[in-house]
Amino acid sequence: MPELPEVETIRGDLVDLVVGSRIEEVEVLAPALVEEPAVEEFVRRLRGVGISGARRRAKHLIVELIGGDSLVLQLKIGGQFLLVPPVPVPETSLMLVLGLDGGRRLFLRDETGFTRARLLDAEGLDARLAPLGPEPFDDGFTEGYLRGKLGSRRVQIKPALLDQGVVSGIGNIYVDEILYDARLHPRRKANTLSDGEWGALYRAIGENLRAGIEHRGTTFDLYRDVLGRKGHHQDHLRVFLKAGRPCPSGCGGRIVREKVGGRPTFYCPSCQRENGSGGEQTLDLGAL
Ligand SMILES: [Zn+2]
């Protein structure tokens, strides 16, 4: 499932390979893809328009177009954006084909069918992105911000980090790795974290997302970059999908899988204790 590092990788590929091209043909093969405007208008406004940039906001991939429109894609679980050539023409699960000048084509395909697209003007884009919390690499995302946002709330830390209004771009894979590095149980209540734990959590967010970008994303099954290549970060995961394996810290424990906030969750019960793994604790009066 594309999270910040995967969408960021695709964005970089589009900048390197596609920005500066012109969209000559537009073929919508899965009308459910297009959330807005109507499919006919979507096609009409895309056809003949130059691609001026590519950016990312949270897990949204934003293809900027000359004239001010933006093609906003949410790749959800299995969306792939593939450039043909060099990628061979994909045969199945096609949702959208953009024919570019020079004979190349961008294929949007998704075996799960959940990818969604919007063509928005500047005002529509602002409205769409307004509810999102800060980007993890923005100056405004500091340890103080994170603590100020969550530190007085009796919410479980894992679902809180997945809330895109708190911080944008973190999904179910990276959050488990982040909490492992910070030695925080996924169900820890945010208002019980110590000073040291807030610092560890903040650092773990940056380190894990940076590593994911450096490794060009995590591929278990569906994720590919624009040239159809898998990412490498799956080779660097410590807990996600590692149930039953020994904890890589050498603590002697084994990774377990449980549902937290409705999501499959992987953690080490001895490194990530539910009541805190030591250090300063805040008494949770509400639980007494
Ligand atoms: Zn452990």
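**Cysteines and helix packing**

Cys 271 counts as buried, at 11% relative accessibility, where buried means under 20% relative accessible area, exposed over 50% and partly exposed in between (1.4 Å probe, protein chains only). Cys 268 is buried too, with a relative accessible area of 0%. The count of disulfides comes to zero, a disulfide being a pair of cysteine sulfur atoms within 2.5 Å.

The model is predicted, so that local features need pLDDT of at least 70 and side-chain atom pairs count only at pLDDT 80 or more, while totals for chains, interfaces and linings use all residues. Residues are numbered from 1 along each chain as its sequence is written, and side-chain values use heavy atoms, with hydrogens and water left out.

Two packed helices are described by the angle between their axes and the distance between the axes. Helix 4 (residues 143-150) packs against helix 7 at an angle of about 115 degrees, with the axes 9 Å apart; helices here are DSSP runs (H or I, at least four residues), numbered from the N terminus, and axes are lines fitted to C-alpha atoms over the stretch in contact, with angles from 0 to 180 degrees between N-to-C directions. Contact (heavy atoms within 4.5 Å) is made by Glu 143, Leu 146, Arg 147 and Leu 150 of helix 4 and by residues of helix 7 including Trp 198 and Tyr 202.

Helix 7 (residues 195-214) also meets helix 1 (residues 4-17), their axes coming within 8 Å and crossing at roughly 40 degrees. Leu 4, Pro 5, Glu 8 and Thr 9 of helix 1 touch Leu 209, Gly 212 and Ile 213 of helix 7.

Notes. Helix = DSSP H or I, 4+ residues; strand = E, 2+ residues; numbered from the N terminus.
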